[in-house]
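Try each task before reading its solution.

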Amino acid sequence: LLSTASSFSPSQTVPFPSRATIARLTLPSQSSSPLLLAKQVNNNDGDEQPHPPQVADTNDANDDAVTALERARVLSYRAAIGASALLLSIQAIGDVGVLEGTGLDLNSLLAEQSTSTLPLASGITLLLCPVPSNRIVEIGALSLGIVTMGLGLYSGNIIDVGDTDGIEESLSWTFAIVSLMAISFREIWYFGAAYKSECGITLLTLPLMLDLNSRVPFTIPACALGMSVLAAGKVFEPCREDLIRSNSEFMAK
């Protein structure tokens with residue numbers, strides 16, 4: 001009994017908890033706060049993940065970047081290519097002799113006229129053709145286009161310069177072929193040789209047509225075919241592709 005009573009003796013002091021112990025027992029830790037716990041749950045669910053920035057569609061941006069004047073120039077350039085292809089096709093039909101035996105003299109009806117009109121069409125095509133932003137290239141294309149178009153006006157008797165024995169017709173033809181070669185080079189530079197294989201055909205045949213009076217047989221039909229394919233393919237190309245060199249990136253989209 002004495003030992004039991006001594007254990008409950010009021011003289012025995014009970015240790016009082018420290019201030020740090022009381023703080024741990026009464027205050028919730030920062031990590032166990034309901035608001036923080038809810039935030040952690042949301043982070044785990046992915047609601048608080050940062051969203052990637054919205055990137056505007058480059059195609060739409062490029063479409064909007066083409067002005068009305070630039071679009072008109074590109075469409076006129078493509079129409080001029082079609083006119084040049086048509087004139088070459090008329091001459092090709094006469095060279096092949098498709099209409100022989102039909103009573104139609106295509107050579108006197110259209111072929112001679114297309115010969116004198118081709119320099120005018122090719123000169124206008126080169127003047128309308130968008131070229132790289134290089135001073136030498138711009139001056140060269142402008143000069144060649146003006147000279148070719150001027151010779152086309154002379155040879156077509158639009159400007160009377162007297163009797164020149166057909167020299168202006170032969171010279172204008174040569175400049176027309178050189179202009180078409182420049183256009184073919186330009187198409188390959190802008191779109192790539194793999195996509196513009198028809199321009200490779202024209203570049204192989206055009207040098208064989210420089211002399212109007214001694215052309216290699218079947219070069220005009222081959223060149224007419226290449227120019228016709230080029231003109232037809234232009235229908236499916238966006239206008240911006242003729243303004244910026246892209247190596248036909250639109251084909252991969």
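The exercises that follow concern a predicted model.

**Exercise 1.** Describe how helices α7 and α8 pack.

Solution. Begin with the two quantities needed: packed helices are described by the angle between their axes and the distance between the axes. Helix α7 covers residues 135–155 and helix α8 residues 167–191; their angle is about 145 degrees and their axes are 9 Å apart. Next, the handedness: α7 and α8 cross in a left-handed way. Then list the residues that touch. On α7 they include Leu144, Val147 and Leu151, and on α8 they include Leu171, Phe175 and Val178. Finally, sort the contact residues by type: 9 are nonpolar, 5 polar and 2 charged.

**Exercise 2.** Find which residues touch the most other members of the largest nonpolar core.

Solution. This core has 28 residues, and those touching the most other members are Leu88, Trp173, Leu206, Met209 and Met227. Now locate the helices involved: α5 (68–96), α6 (106–128), α8, α9 (197–205) and α10 (219–233) each give at least two residues to the core. Take Leu88 as an example. Beyond its neighbours within four places in sequence, Leu88 contacts Leu118, Leu180, Met209, Ile220, Cys223, Ala224 and Met227.

**Exercise 3.** Decide whether Lys196 is buried or exposed, and identify what surrounds this residue.

Solution. First place the residue: Lys196 sits in the loop that links α8 and α9. Its relative accessible area is 2%. The cut-off for buried is under 20%, so Lys196 is buried. Apart from neighbours within four places in sequence, Lys196 contacts Glu187, Ile188, Phe191, Leu230, Lys234 and Glu237. With Glu237, the Lys196 side chain forms a side-chain polar contact of 2.7 Å.

Conventions: Residues are numbered from 1 along each chain as its sequence is written. This is a predicted model: local features need pLDDT of at least 70, side-chain atom pairs count only at pLDDT 80 or more; totals for chains, interfaces and linings use all residues. Side-chain values use heavy atoms; hydrogens and water are left out. Axes are lines fitted to C-alpha atoms, for helices over the stretch in contact, and angles run from 0 to 180 degrees between N-to-C directions. Helices (H or I, at least four residues) and strands (E, at least two) are DSSP runs, numbered from the N terminus. A crossing is left-handed if the near helix is turned anticlockwise from the far one by less than a right angle, and right-handed if clockwise. Contact means heavy atoms within 4.5 Å. Ala, Val, Leu, Ile, Met, Phe, Trp, Tyr, Cys and Pro count as nonpolar, Asp, Glu, Lys and Arg as charged, and the others, Gly among them, as polar. A nonpolar core is a set of buried Ala, Val, Leu, Ile, Met, Phe, Trp, Tyr and Cys residues joined through side-chain atoms within 4.5 Å. Buried means under 20% relative accessible area, exposed over 50%, partly exposed in between (1.4 Å probe, protein chains only). A polar contact is a pair of N or O atoms within 3.5 Å; within protein, one must be able to donate a hydrogen and the other to accept it, and residues adjacent in sequence count only if both atoms are side-chain atoms.
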